[in-house]
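Subject: Structure for you to look at

Hi,

Here is the structure I promised to pass on. Have a look at it first, and then read my notes below.

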Amino acid sequence: MTGDPLLFLGPEDDVAIATRDLTPGERVGGVLVRDQVPRGHKLAVRPAAEGTTVRKYGQQIGVALRPIEAGEHVHGHNLGFAPGERAYELAVDNAPLPPVEPAATFDGIVRPDGRVATRNYVGVLTSVNCSATVATLVARRAEPMLAGVEGVDGVIALTHGTGCGMTADGEGMAVLRRTLEGYARHPNFAALLFVGLGCEVAQIADIDLDTPTPVHRLVIQDTGGTAATVQAGLETIEKLLPEITGVRRQPVPASELVLGLQCGGSDGYSGITANPALGAAADLLVRHGGTAVLGETPEVYGAEHLLTRRASSPEVAQRLLDRIRWWERYTAGHGDSVDNNPSPGNKAGGLTTILEKSLGAVAKGGTGPLTQVVEYAEPVTSAGLVFMDTPGYDPVSVTGMVAGGVNVVAFTTGRGSVFGCRPVPSLKLATNTPMYERMRDDMDLDCGGIVDGTTTVAAKGEEVFRALLDVASGTKTRSEELGVGGEEFVPWQLGAVL
């Protein structure tokens, strides 16, 4: 790519991307500009009749709502969503990526049972929103205990807004239990307190806490109320500290990494810079024997046919298509459409339809075979590229991934997200240099050089991969330095609130 004012992504595309603000009357890429076109937005490079398909990345991103002339700004005023037809080919392009020798390593924390952690936290989990205040007080008051303590990253409360007002045997409860159980067995916790109220639907006794991680249960109504439970929690943590301090990191193979792939606050550059660079890093991780987890089902809608081609088997491909169909029914049942996904910020950044957003989002998954499809918060058990069915909403999506076993997250953003997700570190990749410069305290890496030609997708992918190894070895991310990540535990809430 170069520093040209227009970025052409494919020879059959009807649009090109503006790399700077374009002004009516100037000629760029052989096209006379007719409208003001903001940086990152689309310029028509050829005419399109009303109702005809408009292409970007060589794929359909929508249809012309009216005749579009070459040189016009292409956005919501003249480009609309249409599901279109996609040719589904199952498991036809799934050759394994060649392994890399020698395999990369990082300095991880090896638990007594062999699980590998990237951080060492004490967690305070809650079964219900009613125990959230107690959990927060325990974590806040326990922090001074860590002064001078070596090897413990912190005491964190992970609270949520559900756990009651729901049916005990419904889909929503199944998802909540699966999420809590996944966090309870996460290796990044050295020990856990699990706090409940006592009368909630999500009874602690019904949650499977059979995990190698030491878990201590506290029920507010049985313990004697708020003050008594906070005191009991503090006493428990004080007794635990000698057992979990002084943890030493040691070299472990990169195959122990499970990488969560997330994008948020996307813009017109996301599918051109940070997402492909992260995809290149994901491919490198897979070649070293590791696992990369792609999610956000509504944000692969319209690009799922690119993933089904890469499925390791027709059965894996069909599982992905089954989840796509579920989302079509789910949104329709709420009088909604999957195309309502692009946010106002996405649109201000140049994205118009969910099809366009999805085609850029799937680039995070690299090029390797799709080896497994799991439901929300289910354990990830396969190496390679795995797909988890999650919503596109960032905290809900990553919560499911962490429950599934992700131990490091890479988060791409064009508008500027300030995301974190303790107990797992989150590395943030900026899609464009102006935003990176504006939000340096929140961004870890700048991928904007891919557009101006100062770097390549492959080179940036290598840089991202090395940064992930450093972060997994204990180097703090920007979000960790700022203390972001304690409020982003958001289990997916399904079903009626009763």
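Let me start with a question: is Trp-327 buried or exposed? Keep in mind that this is a predicted model. Trp-327 has a relative accessible area of 8%, and the cut-off for buried is under 20%, so Trp-327 is buried.

**Aromatic pairs**

There are ten aromatic pairs in the structure. One of them joins Tyr-183 and Phe-489: the ring centres are 4.7 Å apart and the planes sit at 70°, so this pair is edge-to-face. It ties together distant parts of the chain, with Tyr-183 in helix 2 (residues 171-184) and Phe-489 in the segment after helix 14 (478-482), 306 residues apart. Tyr-183 and Phe-489 are both buried.

Trp-327 has a partner too: it pairs with Trp-492, and here the rings are stacked, at 5.5 Å centre to centre with 5° between the planes. Again, distant parts of the chain are linked: Trp-327 belongs to helix 7 (residues 314-333) and Trp-492 to the segment after helix 14, 165 residues apart. Trp-492 has a relative accessible area of 9%, so it counts as buried. If you colour the aromatics, look for one cluster made up of Trp-326, Trp-327, Tyr-330, Tyr-376 and Trp-492.

**Thr-352**

Next, go to the loop between helix 8 (344-348) and helix 9 (354-361), where you'll find Thr-352. With a relative accessible area of 9%, Thr-352 is buried. What does its side chain make a polar contact with? The partner is the side chain of Lys-42, at 2.8 Å. Leaving out residues up to four places away in sequence, Thr-352 touches Lys-42, Val-74, His-75, Gly-76, Leu-79, Pro-342 and Lys-347.

**Cavities**

Among the lining residues are Tyr-57, Cys-263, Asp-267, Asn-275 and Leu-351, along with Glu-356, Lys-357, Gly-360 and Ala-361.

That's what I have for now.

Cheers

Conventions. Residues are numbered from 1 along each chain as its sequence is written. This is a predicted model: local features need pLDDT of at least 70, side-chain atom pairs count only at pLDDT 80 or more; totals for chains, interfaces and linings use all residues. Side-chain values use heavy atoms; hydrogens and water are left out. Helices (H or I, at least four residues) and strands (E, at least two) are DSSP runs, numbered from the N terminus. Buried means under 20% relative accessible area, exposed over 50%, partly exposed in between (1.4 Å probe, protein chains only). A polar contact is a pair of N or O atoms within 3.5 Å; within protein, one must be able to donate a hydrogen and the other to accept it, and residues adjacent in sequence count only if both atoms are side-chain atoms. Contact means heavy atoms within 4.5 Å. On a 1 Å grid over the protein atoms alone, a cavity is a set of points where a 1.4 Å probe fits but cannot get out, and a pocket is an open set with protein on both sides within 12 Å along at least five of seven lines; lining residues have an atom within 4 Å of a point. Rings of Phe, Tyr and Trp (its six-membered ring) pair if their centres lie within 6.5 Å; planes under 30 degrees apart count as stacked, over 60 as edge-to-face and the rest as tilted.
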